[in-house]
Amino acid sequence: MKAHDNTNPKPHRFGFITLAGPPNTGKSTLLNRIVGEKISIISRRPQTTRHRICGIKTLPDAQFVFVDTPGIHSDEKKNLNRVINKTAVSSLNDVDLILFMIDAKGWNAQLEKTFKHVRNVNTPVILLINKVDQLKDKSMLLPLINESMAMFNFKEIIPISAISLDDVPNFLDSLVKHLPEGPPGFPDDQVTDRSERFLASELIREQTFLRLGQELPYSMAVQITKYEYKKKHDRPILHIDATLWVEKPGQKSIVIGKGGSQLKLIGQHARRQVEHALGCQVFLTLWVKVTKGWAENASLLQSLGYCET
Ligand SMILES: Nc1nc2c(ncn2[C@@H]2O[C@H](COP(=O)(O)OP(=O)(O)OP(=O)(O)O)[C@@H](O)[C@H]2O)c(=O)[nH]1
Ligand SMILES: [Mg+2]
């Protein structure tokens, strides 16, 4: 960690900022954009993020810890969904600022219900209206801002397009004043609190979202069973074995595909993603296993990392 510069007239700030909101609004997209690396997976489907993931951004005068959360949703039928919601809602507490992200379509009854969780905590909230690039008529923004201001005492309302956010410094400038003064909490080259191994499992899970249709990705979990660096000609090669858990034998056949074609494709794309993220050669072996009702099984959920203590 670099020594803190005491001659700097600006006090250093450090704090935690939760990215919250309903599923699919672009929270993980924004996190990756700010940090400048892919640390949280993204898909076109809702409920992609399942875990609390911190992304760390270090500037000379401030260190921001962004907490990406699963979208808060209303279907709590499965134990997995309840655990995921609990993760999202508990991340609203003990932080310095909440960025509540909605998309430019605006408010509806479901969204207002989700927002109740935010109303209940005593933390400053900034409203981010994302995906403004999708607004055909930009004059629609002003009524949405007015409606939002009437709903809640937001510290600020910021329309953005996370997918193409170029001016990250300017965006961070609007957040920094809400962070308390304090020294950095992480080394300045650390970008996430999550391990490489976790990132690898997420990049595999992302491929299931991108390549498998319908509801199947929601019935799946990824478990890394081997994660070993070996050396070949002095170059590290990472050997990963991972199990894709599904709930039914029929799902296993779909994931494997005809002659193993689907699984091969998932494996190839995931391997490339992991190689790109970690900068080394990867050997990836995938297995598919059935455990009926894994999404209900508390101990399996815990061993897969879905635990809230
Ligand atoms: N047009 C447009 N699409 C966006 C923007 N930001 C994100 N998206 C897309 O919205 C989809 C959802 O993005 P995510 O970042 O996965 O959303 P999320 O809020 O993290 O979703 P969950 O993890 O499911 O809660 C992806 O297809 C993104 O490419 C944006 O500014 N404009
Ligand atoms: Mg997400």
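On a 1 Å grid over the protein atoms alone, a cavity is a set of points where a 1.4 Å probe fits but cannot get out, whereas a pocket is an open set with protein on both sides within 12 Å along at least five of seven lines; lining residues have an atom within 4 Å of a point. The structure is a predicted model, in which local features need pLDDT of at least 70 and side-chain atom pairs count only at pLDDT 80 or more, while totals for chains, interfaces and linings use all residues. Residues are numbered from 1 along each chain as its sequence is written, chains are lettered from A and ligands numbered from 1 in the order in which they are written, and side-chain values use heavy atoms, with hydrogens and water left out.

The largest cavity holds about 30 Å³ of space. Its lining consists of I39, I53, T192, R194, S195, F198 and L199. Four of these residues are nonpolar, two polar and one charged (Ala, Val, Leu, Ile, Met, Phe, Trp, Tyr, Cys and Pro count as nonpolar, Asp, Glu, Lys and Arg as charged, and the others, Gly among them, as polar).

The largest pocket contains about 430 Å³ of space and is the space taken by ligand 1 (more than half of the atoms of a molecule must lie within 2 Å of the grid points). Of the 25 lining residues, N24, G26, T29, S43 and K131 lie nearest the pocket centre. The lining comprises six nonpolar, 14 polar and five charged residues.

Ligand 1 is surrounded by 23 residues, the closest being K27, T29, Q47, T48 and T49 (a residue is near if one of its heavy atoms lies within 4 Å). Helix 1, residues 27-35, supplies the largest share of this shell, three residues (helices are DSSP runs of H or I, at least four residues, numbered from the N terminus). Polar contacts are pairs of N or O atoms within 3.5 Å. A backbone N or O atom lies 2.9 Å from a ligand 1 oxygen atom in N24 and 2.6 Å from one in Q47. A polar side-chain atom of D133 lies 2.8 Å from a nitrogen atom of ligand 1.

How values were computed
Polar contact = N/O pair within 3.5 Å; in protein donor to acceptor, adjacent residues only side chain to side chain. Helix = DSSP H or I, 4+ residues; strand = E, 2+ residues; numbered from the N terminus. Points joined across faces, edges and corners; volume = space filled by probe spheres on them.
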